[in-house]
Structures are given as structure tokens and as C-alpha cells.
Amino acid sequence: MPDLPTPQDAAEATLFSECWDAVLSYADLCTGASTHARQLASEAFSLGIREARAAEAESSGRNFGRRARTPRLPRIPLLLTAVRQTTAIWEARGQGDRLDPELRLWLNSDKAARFSGPPLHRPLALRGLRDMQEPDAALLWLAEVEALPVTSVARRLGLDPEGAAEELHQVRGVFRDRCHRNHLDTPLSEECRSYARLLDAVTRSPAAEVPDDLSWHLARCVECAEAAACLRLVGGGLPAALAGGVIGWGGLAYLERRRRAVESGLSRGAADDDPDAPDADAAEGRRARIGRVGLIAAAVGVSLLALAVTLAPFGEDEGSGSLEGTAGREPVGQQVPSLDPAPSSTGNGSTASSTTSPQSSESQTEKTDKNAGAGSASEKEPQGDSSSAEEEGADPNPSEPAVCHARYELVNEWPDGFQATVTVKSDYALNNWRVSWTFPDGQKVTQMWDGNFDQDGSRVTASAADYNKSVAAGGSFAVGFLGSWKAGNGNAEPDEFMLNGRSCTHS
């Protein structure tokens, strides 16, 4: 972690480690390159830690050592707001080209101004979380937004794991009460104030129906709609209300990224607290080893093929001396063009490429595909490296047998936008990947996480991020994104999924 403040003690060093992953994850959403993400995360981390230390020192000095609470956010949401503040600083000093274009539009809008405007007009979730006792606010944030298991949160905060679930239930109620009080303290219009009591009653009961007039009012009033999301503790909307109200831009994307990090075992918080969870560093090491093993196996295949070409008697009829005859026994030999685009030299001065006709290459590919199902996962050809069909410029054949399965999941939808996830399971090991699909109704992708995207008309292509290029045979990867659609056109599911130029089945 370059240019970060030095921890004052072991406890703060542990806290730094826990918070850094969250800060870097959000910084990556805000920028267009990994180098810019680390720079943004470092500056924001330093800014947030300085603010936290200053607040703690001021609190201690003012109260002469007595335990008293100065309203402030827990460390992780405090540092995430520091990321947002640092993006505004970058934009102001002419470094906005490093930021996501959608974020730049947001920074110059009234939505961003609310976070730095008059306190009584700031988002309700931000005010409600700040008004809670810091341990209670930390419990709520770690469980709802960071999506950590309650037992892991309890270990981190020094709580009784057996009673943590009940304490979390009580803390949700405290957050609701703080938000309700702050909503009444907000300078509301006469219409909003007339609905305040009804809104409180409707959100308290899970079975209560929203009257038509209140529903119409919530569709037009931003502040009352925020209040409804914060006051309704059932239905699963609390995490989104917290993330959107405290972080601001990219809150939903951050929420989805943290949830998937915990589910995949790559979250440092879950791995550090749960002895049964896979370690994040170990997972990263396994991915690196998979890549190295694939390269070594491919290099051995290249050597074997070069030796076979050298020893093969030229001019024989079709038989064991030709590359076509050995393709069925050595499927790894198909990796020759993947790792060495230049012709491989042979012992007699000829080249391997000179003995490989287009017909034999096609035959070899067909035999490899037919034998792929019978072999073990480790024998399957690594796909998606730097010389895949798409990247080499060759025309992929979508009619070839599918090598993957894609699943499209619509997570959320609103009148002019939506959130979705595309999950792809690959039959083959991947060193890199590009997955594409076609939207039938003219939808547009506006933001993506865990991947980079490019859209040409209705065709969207998502490529791997720096940290998730390698996928084991039979493994899967996923990208999440936000998109826009027009009500008159519909929002149907995409089709024509392809992975590295090969067709995918989909559901």
C-alpha cells in the first residue's frame, strides 16, 4: 500500500488491512485504470485516516478522557466518503480525465452537491448512520453493506457470536429511529409533512399496503423516497439505502462487488475472521499457479510437436507421421499457435507451420473438441490467451459446439435503468476472457464492475479485469453492470452469448 499513513499500533495496523480492500474496491469503480485506482485509494485513505485521528483527538481533549461520543462514521464508510471527496478534488484540479465519465457527470450535478450542502438536506442514511453510536453503526455497515457473516462481524467487533444476530436486529431498529427523527427534522414542504406519519406507519408493518396517493408522492419526492427506503427494514432494501445514501455514486455497484467478494471467499474480512473461509492471498496464489501450470504444459506441448515434426518422414501417406495423425493423441498440441505465433524451427531447417495445412488444423480442432468431454479437466485446452480467435483476427465459427454456459440475471429494474449480472461457466481453462452478447431492445451499458466493457450498437463485449483473467476448467466468472433502457422499447434479456469467439448456451 504505497504512500499510506503509518499505523500507530498493532490494532490500527489490523484496521488498515481490513479497510484497504474496501477503499481500493470503490476507487477501482471510480477510475478507468488500475494505476489510477491505487493512486486514488492511497490519497483517499490518507485523507480519511487524518480526519479520523483528528476527530478522535478532538473528542478526547474536549471530554478530558471521559467516554463520550462525537458523531462520526465508522472507519470503512468514513474512508469511502473520503474516496468520493478525493474524486471531487481531482475533478477540481484538472485530473478528471482519470475518473469514470459517469462519475464526472455526477460530481457536477445537484446529486453530488447534496453530500456537501446544508446538513439537514444531506441524504437521510448518511445522517442516520452518523447519529448512531459508532460500534452500532459499524455492526450495521459490516453486516448490511460489506455483506460479512454475522459471526465474522461479531469476532471483529468483539461481540458474543451467539447474540450477534439479535443485536443486529436491535441495531436496525435504532437506525430506523434515527432516520425517522432526522426525516422529521428536515425542512419539509407542507405536502411532505402531511405524509410523514402515514409513511412511518406503512413502513413499520411488512404486510401494510401503500396507499395510492402516498405511492404517487414517493414517485415524485426524492427525500420522502429516501426516507421510505431507510424506514422499511424488510424486503432487502436496507443495504442499497445505506450504500447509496452514504457512498453516493456507484453505491449499488460497490454493494454488489462486496457481496460477490464474500461469496467467492476473496473478501479479506470474511477470510480473516472465518477459519473455514479460503484465504484471499491463497486464492490469488492459486490463480497464479493455475496460469503458470498452463503455460508450462503448453510449452511442453510445443516442444513435443516440434520434435514430432522434426522426426516425421515427409511425403508419406496419411498416417502416424503427420500432425493430423497425432492430434488425437496430443490435444495439447493445439496450443502451438496460442503460445508461439511465429513458426517453430525444426531440426532440418523447416518449420512446424510449413507442415500444418489449414485442413489439418481444422481436423485437429474437431478431434480436440470431440475428445474434450472424455478427458479430465486438466487436459482441456486453455482458452482466451493472447492469441484467441478474436484477438488473432480469425473469423470465429459460432456454429462450433458450445464451450460455455452463460446465465443472465436481472437484479433490479427501474423506469429508465436496470442492474444485471452475467455469469459464465467455461468448460475449458482460461488465461484471459472476452464475453459478448446482444441486447434486443437497444439497452445501453453505463457502468461495469469486475470487467471492462465496450458497446457497438446492440453488441456488448466485456473483457477481464487485471485480477480475474484466469479461470480453471469448469470454473466460472461474472460481471455486473448498470444499464439504461427506454420504456417504449422494453428490457428483454440478451442473447447470442459468445466466449472468446465461441458460442455459449445461455439461460
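Mentor: One term is needed at the outset: a residue counts as buried when its relative accessible area is under 20%. By that cut-off Cys192 is buried, because its relative accessible area is 6%. Please bear in mind throughout that the model is predicted.

Cys192 takes part in no disulfide, and the nearest cysteine sulfur, which belongs to Cys221, is 3.5 Å away. Cys30 is another buried cysteine, with a relative accessibility of 0%.

By this rule, the count of disulfides comes to one. The bond joins Cys404 to Cys504, with an S to S distance of 1.6 Å. The torsion about the S-S bond is about -85 degrees, and the disulfide is therefore left-handed. Cys404 belongs to strand β1 (residues 404-414), whereas Cys504 sits in the loop between β9 and β10 (505-506), so the pair ties together parts that are 100 residues apart in sequence. Both partners are enclosed: Cys404 counts as buried at 4% relative accessibility, and Cys504 counts as buried at 9%.

The strand β9 leads on to the sheet. Five strands form an open sheet with antiparallel pairing, in the order β5-β6-β3-β8-β9. Its edges are β5 (452-456) and β9 (502-503), each of which pairs on one side only. Within the sheet, β3 (residues 434-438) and β6 (residues 459-463) run antiparallel to each other over five bridges. In this pairing Thr438 stands opposite Arg459 of β6.

Most residues other than glycine have a negative phi. Asn500 is not a glycine, yet has a positive phi of about 50 degrees. Asn500 lies in the loop between β8 (495-499) and β9, and counts as buried because its relative accessible area is 6%. Asp450, likewise not a glycine, has a positive phi of about 60 degrees. Asp450 is placed in the loop between β4 (444-449) and β5, and a relative accessible area of 10% makes it buried.

For the wider setting, consider another stretch of the chain. An unreviewed UniProt entry places the feature "transmembrane region" at residues 233-255 and 293-314. In the model, the end C-alpha atoms of residues 233-255 lie 17 Å apart, and the span is 61% helix and 0% strand. Helix α13 (residues 238-246) has seven of its nine residues buried, so the rest of the structure largely encloses it. Among the buried residues of α13 are Leu238, Pro239, Leu242 and Val246. Just after α13, Gly248 takes a positive phi of about 95 degrees.

The elements that give two or more residues to its lining are α6 (124-130) and α12 (222-231). The lining of this largest cavity includes Arg114, His121, Arg127, Glu223 and Glu226. By class, that lining has three nonpolar, three polar and five charged residues.

Notes: Residues are numbered from 1 along each chain as its sequence is written. This is a predicted model: local features need pLDDT of at least 70, side-chain atom pairs count only at pLDDT 80 or more; totals for chains, interfaces and linings use all residues. Side-chain values use heavy atoms; hydrogens and water are left out. UniProt positions are given in the numbering used here, feature names are shortened, and annotations may be inferred rather than shown by experiment. Helices (H or I, at least four residues) and strands (E, at least two) are DSSP runs, numbered from the N terminus. On a 1 Å grid over the protein atoms alone, a cavity is a set of points where a 1.4 Å probe fits but cannot get out, and a pocket is an open set with protein on both sides within 12 Å along at least five of seven lines; lining residues have an atom within 4 Å of a point. Ala, Val, Leu, Ile, Met, Phe, Trp, Tyr, Cys and Pro count as nonpolar, Asp, Glu, Lys and Arg as charged, and the others, Gly among them, as polar. Two strands pair if DSSP finds at least two bridges between them. A disulfide is a pair of cysteine sulfur atoms within 2.5 Å. Buried means under 20% relative accessible area, exposed over 50%, partly exposed in between (1.4 Å probe, protein chains only).
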